[in-house]
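Let us read this model together, one feature at a time. Please open the structure first.

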Amino acid sequence: MDPRFCEQPEDDNKKGYMKGTIFNIQRFSLHDGPGIRTTVFLKGCPLRCIWCHNPESFDKSIQVTFDKEKCLECLICKGVRDISTAEKCPANAIEVIGQDMSVDELFTEIYKDMDYFETSNGGVTFSGGEPLMQSEFLLEILKKCKENSIHTVIDTCGYAKIESFEKINEFVDLYLYDLKFIDNDIHKKHTSSSNESILANLKYLSEKNTRIFIRFPLIPGINDTEKNISEIIEFLNGINFEQINLLSYHGYEKNKYIKLGLHHKMDTRIKLSDERINEIKNIFVSAGFKTVVGG
Amino acid sequence: MLTERVEKLRKQSLEAIPHIWIGRGEIVTDTYIKNEGKVSTPVLRALTFKDILEKKPVCINDGELIVGEKGDSPAGAPTFPELCCHTKKDFDVMNHREKISFKVDKNAYKIHNKKIKPYWEKRSIRHRILESMSEEWMDAYQAGVFTEFMEQRAPGHTVADKKIFIKGFNQFKSEIKYSIEKFQAGSDPDKLDRIEQLKAMYITCDAIIRFAERHSEKAMELASTENDPQRKIELENIAEVCKHVPANAPRNFHEALQAYWFIHLGVTTELNTWDAFNPGRLDQHLQPFYEEGLKDGSLTKESAYELLNLFWIKFNNQPAPPKVGFTLLESATYTDFANINSGGLKTDGSDAVNDMSYMVLDCIDEMRLLQPSSNIQLSEKNPDKFIERALHILKKGAGQPSIFNADAVIQEMLNMGKSIEDARDGGTSGCVETGAFGKEAYILHGYFNLTKILDLTLHNGYDNYTQKLIGIGTGDAMFFGSFEELMTAFKEQLKYFIDIKIEGSNKIAELYAETMPAPFLSVIIDDCISTGKDYNAGGARYNSSYIQGVGTGTITDSLSSIKQHVFDDQRFTMQSMIRAIDDNFDGYEILHSIVKNKTRKYGNDDDYPDSLMQEVFNTFHDSVNGRPNAIGGKYRINMLPTTSHVYFGSVIGATADGRKAGKPLSEGISPVQGADVKGPTAVLKSASKMDHLKTGGTLLNQKFTPEIFNDPKGITAIKDIVRTYFNMNGHHLQFNVVNADTLRDAQLHPQNYGDLIVRVAGYSDYFNNLGKDLQDEIIERTEQCVAL
C-alpha cells in the first residue's frame, strides 16, 4: 500500500482526544466556500505540485524552522531548536510549523466563529495539505461539526482511498475539488503522483450527488494548454458539479520555499493576463459550465 | 449629482480661511459691563444672547438658499471669553501655525487685548474652575490621570428632537408664559428662581425670532438690487422663509432646514457647547416634509437634494472654536463633532429607514465634507440594502458613515431608566455617545487614563511623570506575591482617583449651574420649560454625567503580561518587570522581547487576556456607574478616547506589554495596535466580551484596505460581521479603508500593523504575511488617494 495513505488507528472511546496535525487556522476566510468561514489547514499532502503555495503542508510531521536574523543569542534554547524551546524563544526566532490538536480542541477553535457562520451562511473549510491524509481525524471533526449544525467544506486534491471519501461523505456539505490535468503522465510529471484515484474519486462523488465545485488552478505554460482544457471539459461532461472556479497562479509562494529550505522550481515571472483568463473562462462557459474566476 | 450652485458653495466652504470673529467676545463683554449685578444671572445670559444676535453681522452668501453663519462670514469662529479667555500667546499660536490655524486680524488683537482680556482673564469660568479645584485634583490633572472637558467648553452634548420641526418659537413662548403663570400661582419654594429662568428663556425666544427677521430684511435688501431675475426670486423666498421660521412651525422642506439652522446657530452662539449640537434623526424629521412636498408639487427629489447639500455646507462653514493654552497647542481638528443620525427605529419600534435615509447617505457620499459627521443607526429591523449602501460609501476611504447598533443603543437607554419611546427617538452623537435626543443632558466630564492607574499602582502611588506622590499607598508592588494582590491594589487606586474626579466634576457642574445658565438651549430641551430649570442645572428630563475610560487594550495586555510571565509562568520577578519598565526596557532586551512577543493579548478571542479586560471594565464601571451627579442625575461611563490616547500615552512610562515610554495607548476599545493577529472576527468577539449595554457608548475601529471592500464577497462579509457584532450587543464599529501611504508605513513599521488585512489575488491575507515584493506590488495597486 502506498505509505502516503497512512491512517491513524481507530479507538472509539478516545475520539474527542484523537489528534490531528494542523498548520494554520484562518478565521474570516472568504474564498474557501460560501459566507464567512474558518479554514483549517491540515498538514501533509500526497502530491508535490511544483506551484504549490502552501509548501509547509507537504510534510505531515511538525517542523521547526529557525530565523537567524531574529535570534537575540540569549541562549535560552541552549542551541536546541525544538517545540519546547520554540515556546520559550523570546524573539520567535524558533518557529514551529504545525501543532497536534485533539478533535475537541480544534472544535473549540472552529466554534468561536459560530455566530458569524450563522449570520453569513458560512462555516468551516478543511484544507491543507490534503485533509483526507488524516481521514480518521477528519471524520471525527466533521461529525462533531455536523452535530453542531456547522456547514462543512472539504478542499481536496482528490488523492485518497475511495473508502476515505465513503466514510466522510455524509458529513460533507460541499467539496472544492481540484483538477489539474487529465493526462496521467503530465500529472505525474508536475505533481509527482498519478491522477487515477483523483479522477475515480470524483466520479464516485458525482454519482453520490454530492455538491461539488471544481477548482482548476491555472498554471501558465503548464496546464493552460488547449489540449488539457479540452480534456478537462470532456471529463467534466460526465460529472455532476455546480460550478468551476478558475484560480490563477499568482507566484507569491517563493519566500515560503526559501524559509523551509525547499527547492523552488516555478518561474514566477510568467503571469496569465486578464485577457487570457477571460478567454479560458469563455471556453468553459461555452461548454455549458457555470464558471467563476477566483475562489 | 451636485448642482452648479452646490459645487460653487462647497468650494467656497472648503477654501474659506478659518479666522477669529472677535464680535461675539466684544458684545459679551459690553453686555456684562452694562448689566452684571443689575439682573439675575439667567437674564444676564439671555440679554447677552439677545445682544449678540441683534448686533452680529448678517451674512447671506451669493447663491445660497439656507442662510446664517456663526461668525461674520464662512469659517469665522467666535470666541467665548466668559468660558476661557485667550492670551495673546494663544492668538499668536493660532494665527501663525501651519495646521489648524485661525487668522487673527489687527483689530481683533486690539479689541481682545484692550477690552476683552482685561475683563475676563480673572473672571472666566476656566479661571474659576482651576482656582476652586483641590490640590489632589490638580495633582491628578497635571499627571494626566484625567482630563476635564468643561475647563474650555460649556456642558452641551445634547441633540435636537422632532419638536423643533413641529413647533415654532411663538409656541414655545406660550408654553413659557403658561409655566410662569403656573409657578406664580403656586407655592414652590424655588419659584422666584424658576420664574427668572423662564423669563430668560422668553427673552431668548424673541432674540432668535428677531435674528431670523434680520436675515429676512437683509434678503429683501439684496433682492431689491439684484439684477438676475432668478436670484431675485430666490432672495424673496429666503426673506419669506426667515420671516416664518423659527417663529412658527416650518411648513415645508426648505423651512424645516432653515428653522433648524437658526436654532443650531443659537445653541452654538449661546455657549460653545460640547459636543456640537445637531439635528439628530434628520431622516425622520425631514421625511414628512419631503413626502408632502412631492405630493403637492412644491418639491422634487432634485430640489430636496440640493437643499440638503446646501444644509451640509452650512455645517462645514463652522470650524470648532479654538481652545486655549495646552489644549490649543494639542488640538488638531476643525471638526465640531456634529454627528447626524439616519436609520434606526421609529417611536413605535418599527423600521425607520425611509427615502430621506438614503438621501442623507447620498449626500454624505457626494459632499465628502469633514462636517457634519454622520452615522447610521442600524437595527436588526433595518434592511441589508441600507447598510450595504453605507459600506459602499465607506469603501471610498473617507471613514464615513460610522455604524451604530440601534438596538443596543436603545437597550442602553432602557438600562438607564429611560422610557422606551424616548429611547427609540434617541441615538448617538459626538463620537459614539448614547442620548435621548431633545430630552437629555448627557455631559462628558473628561477622559480617564486607566493605564495610568496601573502605572501608579506599580509605583505605590508615585507618579514618575510629575515626580510626585499623587496616589495612595497600596503597597510596594515589587513584593506582591500574587496577581490578586496587584488587582486589589489597582482597584483601590482606581477608586481613589475616581472619587477625586467626581468631586471635581460636581464642583464644576455647580459652577456652570450657578453662573453659566443656557436659557436658549433650555427652551428646546424637555422638560426645562415645565420645570423652570436650566439645562445646565438639571432641567432636562434625563441628566447623565459621563467619564470616558481610555486605554482598554494597553492596560489589558499589561495586566496579562504580568499575570502570565510573573505569576503563572514565573519567567521573571515583579522586581525585574518594574525595573525594566522604569528603564524603558533599556538593558532588558530579552525581557522586552518576551513581553512583546509572548504575551497573550486582547483582541484575539482568547479568554485569558479578555477576562482581564472584563475585570478592568467592571471595576471602572462599578466605581462610577450610578453615583449621583450635581444636577439630579447619575454618573455613567463610556469607552472612547477621541485623541486622548495619544496624550495619555505621553504621560506614562513604558508598560508591561512592551510599549515604550511616551507612546500612544490603544484607542477606544480596540486592541493595542498590532496586537490582534487573528482577524476581525476575533477582534469583535474579544470586544463583545465587554458588556456594552452597561455603557453609554464604546468605540471600535477596524482597518481594512480598499481591496476587501471592492470584492463583492467582501462587502457582504463586512455586512455580516457588523450584523454579528451587533447581535453580540456591540455598540459601534467604524472602518478605516486604508490607502497606500499607510501601507508604506506598514512596511516600515510592521509591528504596528499586525491586524491589517489585504486582498491579495484570489484570497485575503495579512499584510505582514506577505513578502516585500508582493507588498510593493499591492502598494502600487492601491494608490487611491482620498481628498477631503
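Q: Which side chain meets A:Glu95 in a salt bridge?
A: A salt bridge is a side-chain nitrogen of Lys or Arg within 4 Å of a carboxyl oxygen of Asp or Glu. Here A:Glu95 pairs with A:Lys259, at 3.6 Å from N to O. The model is predicted: local features need pLDDT of at least 70, side-chain atom pairs count only at pLDDT 80 or more, and totals for chains, interfaces and linings use all residues. Residues are numbered from 1 along each chain as its sequence is written, chains are lettered from A and ligands numbered from 1 in the order in which they are written, and side-chain values use heavy atoms, with hydrogens and water left out.

Q: Where do the domains of chain A run?
A: Domain bounds come from an automatic or database domain assignment. In chain A, domain 1 covers 3-58 + 98-293, and domain 2 covers 63-96. Their C-alpha centres lie 32 Å apart. Contact means heavy atoms within 4.5 Å. Five residues of domain 1 of chain A and four of domain 2 of chain A take part.

Q: How many salt bridges cross the interface of domain 1 of chain A and domain 2 of chain A?
A: The rule finds one.

Q: What area is buried between domain 1 of chain A and domain 2 of chain A?
A: Buried area is the accessible area (1.4 Å probe) that two parts lose on being put together, summed over both. For these two domains of chain A it is about 380 Å², and carbon and sulfur atoms give 43% of that. On the side of domain 1 of chain A, A:Gly98, A:Lys259 and A:Leu260 supply 78% of the area buried against domain 2, more than any other three residues.

Q: And chain B: where do its domains run?
A: Domain 1 of chain B spans 4-133 + 159-437, and domain 2 spans 134-157 + 438-668. Their C-alpha centres are 32 Å apart. The contact involves 68 residues from domain 1 of chain B and 53 from domain 2 of chain B.

Q: What area is buried between domain 1 of chain B and domain 2 of chain B?
A: About 5,200 Å². Carbon and sulfur atoms give 63% of this area.

Q: How many salt bridges cross the interface of domain 1 of chain B and domain 2 of chain B?
A: Six, by the rule. In chain B, B:Glu440 also forms a salt bridge with B:Lys418, with the closest N and O atoms 2.9 Å apart.
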